[in-house]
Amino acid sequence: RHGKFEDALVKTRLKLTRQSLSLQSGGLSVQLKELKCVEGHRERPASPIFRTAERDVVPRLITLRWNQTGRQLQTGQYAHLIFSTRSDARAFTAGMDQVRQHGAGAVLAGRCREDGAVAEPTAWQIERGRERFVAARRSRFIAQLREALQTFFFPGEPSLAVDEAGTALPSYPSGPLLWEDADMHMRWLESLSGRSVGELTQEELKPLIAAGMPLKYRHQVWPRYFSKPGADEVESLHHNAPDDVSHQIELDLPRTHPELMAEEQRSLLRRVLNAYAARNAVIGYCQGMNFLAMVFVILGFPETTVFAGLCYIVEDLLPGCHGRSLEGYVRDASVLDVLVHHLLPEVHQQLDATDVSLNMLALDHFLSLMAGKWSFATVVRLWDFVLPEGSPAIFASFVALLELYFPKPAEIAAGGSEAAPACESPADVMDSFRRACLRGVTE
């Protein structure tokens, strides 16, 4: 009588099976054959409990009505569902409409759309990421990335070491080699036909990049995709970084692939990271940015290009992902969840079934573009696709990794295999996926 409306609510999760819709808190299960209707609301229901509810509750409210059978008389039952957003409520109603039209089995199997089509996303958790979702959805780079990620990047077989956490790490006796051969150089020379790299169109570059890019052309191709005003201000900026940020950068420099960088390169990296912290006080410095800038440094780009490349990735490719609250990553993870739901429904079901958080699974891919986790040459190969295509290629590449390497249901439920051990917890599933990705892109 004197309590708050929220006191009467119970947080729950909905689970759809072929026969029923279950509310996991409270153990309520509604047989689909008994379900009468799914109602939206324009006004408050007559129930007294809604007298103290805020106005925004009504558009987020859905009422389920069904007949309870198995007794002498059928009795009408109902349950009020209040979703977090209006878009969630609309998405649930649309989903239940598909269940009525096509059956729960077809919905769970993702067979409710035309062959080859991808359902248009609602505003559900997309916000500013909607345009990026559409671009990623239309990208044809998933197939090319699938092939690229399965290509040999090094001559010879790598040996796999194990770190303290038990994660397999590739080790190459000859250092961070970038595989180049005569055929690769000949392809570029024939396509150039006396022209400069800057004269090649994007359509001419795409097949050349897909087949492999020599380092000398990478120095000319990569910078054409990012141009930032103020990129030549490193000298005037790097002394102005806050002391606490500079201290954190100093702590991270020795951890940034020390085996790949000489002291001169480490000094360049220090200057660039401090200059960016002074340029963008809102972001400052976030762990992961050191690996992003490191890739440009090791490849031998000049200081101004390293700084421009870091600005491009942090501000244009991954906007907001390195902020203090990671608000950009939260947005992108929601976009990624919708992509996986539509493009890989079976993997999405496995993620839900194993309680694996997609936010945790994709963290390294979006914050450092795998620069701190994969072998250097593999990272460079991935960036060959990401820099020209932009953020859609980041989404597409992770979707490709999920399709290729996420543990199959049999590996999760059964005893696993020598290559993919049994997964007993969400942490085991994530570790198995990361190991499979690492093995797939290095073997």
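**View 1. Packing of helix 6 against helix 17.** Helix 6 (residues 202–211) packs against helix 17 (residues 376–389) at an angle of about 165°, and their axes are 10 Å apart. Because of this angle, helix 6 is roughly antiparallel to helix 17. The structure shown here and in the following views is a predicted model. The crossing in which helix 6 passes helix 17 is left-handed. On the side of helix 6 the residues that meet the partner are Gln202, Lys206, Ile209, Ala210 and Ala211, and on the side of helix 17 they are Arg381, Asp384, Phe385, Pro388 and Glu389. The residues of this contact between helix 6 and helix 17 comprise 5 nonpolar, 1 polar and 4 charged.

**View 2. The chain as a whole, as context for the close-ups.** The protein chain has 20 helices and 8 strands, and of its 443 residues 46% count as buried. Among the contacts in the protein chain with a separation of 6 or more, 66% are accounted for by residues 24 or more positions apart.

**View 3. Helix 12 and its crossing with helix 10.** The crossing of helix 10 and helix 12 is right-handed. Helix 10 contributes Leu268, Arg271, Val272, Leu273, Ala275, Tyr276 and Arg279 to the contact, while helix 12 contributes Glu303, Val306, Phe307, Leu310, Cys311, Val314 and Glu315. Sorted by residue class, the contact of helix 10 with helix 12 holds 10 nonpolar, no polar and 4 charged residues.

**View 4. Helix 12 and its crossing with helix 11.** Helix 11 (residues 289–298) packs with helix 12 at an angle of about 140°, their axes lying 9 Å apart, and helix 11 and helix 12 are therefore oblique to each other. Helix 11 passes helix 12 in a right-handed crossing. From helix 11, Met289, Leu292, Ala293, Phe296 and Val297 take part in the contact, and from helix 12, Val306, Gly309, Leu310, Ile313 and Val314 do. By class, the residues of the contact of helix 11 with helix 12 are 9 nonpolar, 1 polar and no charged.

View 5. In soluble globular proteins, nonpolar side chains tend to be buried together. The largest nonpolar core of this model has 96 residues, of which Trp222, Val295, Ile313, Leu361, Trp383 and Leu402 touch the most other members. Apart from its neighbours within four places in sequence, Trp222 is in contact with Met213, Val295, Phe296, Leu299, Phe301, Val380, Trp383, Asp384 and Leu387. A second, separate core has 17 residues, including Leu32, Leu35, Leu64 and Phe83.

View 6. When neighbours within four places in sequence are left aside, the contacts of Leu200 are Trp188, Ser191, Leu192, Arg195, Leu205, Leu208 and Arg224. Leu200 and Val221, which are 21 residues apart in sequence, are 9.6 Å apart in space from C-alpha to C-alpha.

View 7. Most residues other than glycine have a negative phi, and most peptide bonds are trans. His257, in the loop between helix 9 (243–252) and helix 10, has a positive phi near 40°, and its relative accessible area of 18% makes His257 buried. Asp355, found in the loop between helix 14 and helix 15 (358–361), has a positive phi near 60°, but its relative accessible area of 53% makes Asp355 exposed.

**View 8. His348 within helix 14.** His348 has its place in helix 14 (residues 345–353), and with a relative accessibility of 9% His348 counts as buried. Apart from its neighbours within four places in sequence, His348 is in contact with Asp337, Val340 and His341.

Notes. Residues numbered from 1 in each chain as written. Predicted model: local features only at pLDDT ≥ 70, side-chain atom pairs only at ≥ 80, totals over all residues. Heavy atoms only, no water. Left-handed = near helix turned anticlockwise from the far one by under 90°. Helix = DSSP H or I, 4+ residues; strand = E, 2+ residues; numbered from the N terminus. Contact = heavy atoms within 4.5 Å. Nonpolar A, V, L, I, M, F, W, Y, C, P; charged D, E, K, R; others polar. Buried < 20%, exposed > 50% of the residue type's maximum accessible area, 1.4 Å probe, protein only. Core = buried A, V, L, I, M, F, W, Y, C linked by side-chain atoms within 4.5 Å. Axes fitted to C-alpha atoms, helices over the stretch in contact; angles between N-to-C directions. Parallel < 35°, antiparallel > 145°, perpendicular 65-115°, else oblique.
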